[in-house]
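I'll jot down what I looked up, entry by entry.

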Amino acid sequence: MSRVSQKSFQKVAEQVLGILYDRFPSPLSTNAISKELGRDNEFTGKVLNFLHEKRFVALSRVSKSGSQYSSKKCWRLSTETHMKYSHMAQG
């Protein structure tokens, strides 16, 4: 895999946040996010883990029906981040 500049990484991270904001509060799998971005799962996973460390996104391991995912990771925008984005959109 080729190296990605920090600036490009940040742009992709912003795109991920935008996708999750549009779908809030429904979680999306890493695969669904990577398809929407047109990126591979590995790179998208790295971006999501970075955003998780920064507490912008939350990891969801439970499906809508309440069953536990064994290996699948689904992501959603953290409530705090959603509130900040909403205030920015209103202002």
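Which side chain meets R23 in a salt bridge? I looked it up, and the partner is E36, at 3.2 Å from N to O. For the record, a salt bridge here is a side-chain nitrogen of Lys or Arg within 4 Å of a carboxyl oxygen of Asp or Glu.

**Ground rules.** This is a predicted model, where local features need pLDDT of at least 70 and side-chain atom pairs count only at pLDDT 80 or more, while totals for chains, interfaces and linings use all residues. Residues are numbered from 1 along each chain as its sequence is written, and side-chain values use heavy atoms, with hydrogens and water left out.

**Back to R23 and E36.** I checked where the two sit: R23 is in helix α1 and E36 in helix α2, 13 residues apart, and the pair links distant parts of the chain. Helices (H or I, at least four residues) and strands (E, at least two) are DSSP runs, numbered from the N terminus. Next I looked at accessibility, where buried means under 20% relative accessible area, exposed over 50%, and partly exposed in between (1.4 Å probe, protein chains only). R23 counts as partly exposed because its relative accessibility is 34%. E36 is partly exposed too, because its value is 44%.

**Other salt bridges.** The count by this rule comes to 3. E42 pairs with K46, with the closest N and O atoms 4.0 Å apart. These two are 4 residues apart in helix α3, so about one helical turn separates them. E42 counts as exposed at 51% relative accessibility, and K46 as partly exposed at 44%. E80 and K84 also meet in a salt bridge, at 3.4 Å from N to O. They sit 4 residues apart in helix α4 (residues 79-90), so again about one helical turn lies between them. Both E80 and K84 are exposed.

**How α1 meets α2.** I looked up the packing angle, and it is about 115 degrees, with the axes 11 Å apart. Axes are lines fitted to C-alpha atoms, for helices over the stretch in contact, and angles run from 0 to 180 degrees between N-to-C directions. From α1 the contact uses V12, Q15, V16, I19, L20 and R23, and from α2 it uses I33, E36 and L37. Contact means heavy atoms within 4.5 Å.

**The nonpolar core.** I wrote down the rule: a nonpolar core is a set of buried Ala, Val, Leu, Ile, Met, Phe, Trp, Tyr and Cys residues joined through side-chain atoms within 4.5 Å. The largest one has 17 residues, and V16, L20, I33, V47 and L51 touch the most other members. At least two residues each come from α1 (6-23), α2 (30-37), α3 (41-53) and β3 (74-77). The largest share, 7 residues, is from α1. I then followed I33: leaving aside neighbours within four places in sequence, I33 is in contact with V16, L20, L28, T44, L48 and W75.

**Last entry, H52.** H52 lies in helix α3 and is partly exposed, with a relative accessible area of 35%. Not counting residues up to four places away in sequence, H52 touches V57, A58, L59 and W75. Between H52 and R76 I noted 24 residues in sequence and 9.9 Å in space, C-alpha to C-alpha.
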